[in-house]
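Hi everyone, thanks for making time for this. I'd like to walk you through the charged side chains in a structure that may be new to you.

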Amino acid sequence: MSANVSITRRATFAAAHILCRDDWSDEKNREVFGACTTDHGHNYVIEVTVGGVLDPDTGMVVNLKHVDAVLRREFVDAVDHRHLNRDVEFLRGVIPTAENVAMAAFHRLEPHFKPARLMKVRVVETENNAAEVTAE
Ligand code: NI
């Protein structure tokens with residue numbers, strides 16, 4: 001019998017952002033991005049799900065210490081207490097919606113879990129919204 005197994009690790013970070021396009025009028029920005037067209041911050045949660053084959057020696061798909069270290073090094077350290085529009089190299093030129101932040105995190109984290117596989121990144125922006133990026 002075989003089964004797909006995955007494990008999820010969670011981390012938190014606080015960051016500021018503004019959602020607006022310089023090439024749009026104030027009116028259009030307000031129409032599309034609402035209250036997010038002024039600087040504000042969120043207490044974000046990121047959840048990283050890694051899947052693969054259970055190692056019979058450890059009972060693990062991947063060591064959570066490794067997931068934690070990668071998550072901090074590749075993502076959390078770069079965004080925590082930063083302004084997502086201005087301070088984060090890998091978000092440069094990107095509108096930092098929850099979707100785009102999750103997408104950027106997915107691409108940064110994906111190469112680091114082999115032979116296990118990054119299955120999902122979920123970014124919770126507020127208690128009412130979260131974005132998910134899943135492996136194809
Ligand atoms: Ni916001």
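Let me take the salt bridges one at a time.

First, please keep in mind that this is a predicted model. Some background before we look: side chains of opposite charge can pair when their charged atoms come close. In our model, there are eight salt bridges.

Let's begin with Asp-68 and Arg-9, whose side chains form a salt bridge with 3.0 Å from N to O. What I like here is where the two partners sit. Asp-68 belongs to helix 2, residues 64-79, while Arg-9 belongs to strand 1, residues 5-17.

Next, have a look at Glu-89 and Arg-92. Their side chains meet in a salt bridge at 3.6 Å, N to O, and both residues are exposed.

Now for Arg-122, which makes a salt bridge to Glu-132 with the closest N and O atoms 3.4 Å apart. Arg-122 is partly exposed, with 25% relative accessible area, and Glu-132 is partly exposed with 46%. These two also belong to a network: salt bridges with shared partners join Glu-47, Lys-120, Arg-122 and Glu-132.

Terms used:
Residues numbered from 1 in each chain as written. Predicted model: local features only at pLDDT ≥ 70, side-chain atom pairs only at ≥ 80, totals over all residues. Heavy atoms only, no water. Salt bridge = Lys/Arg side-chain N within 4 Å of Asp/Glu carboxyl O. Helix = DSSP H or I, 4+ residues; strand = E, 2+ residues; numbered from the N terminus. Buried < 20%, exposed > 50% of the residue type's maximum accessible area, 1.4 Å probe, protein only.
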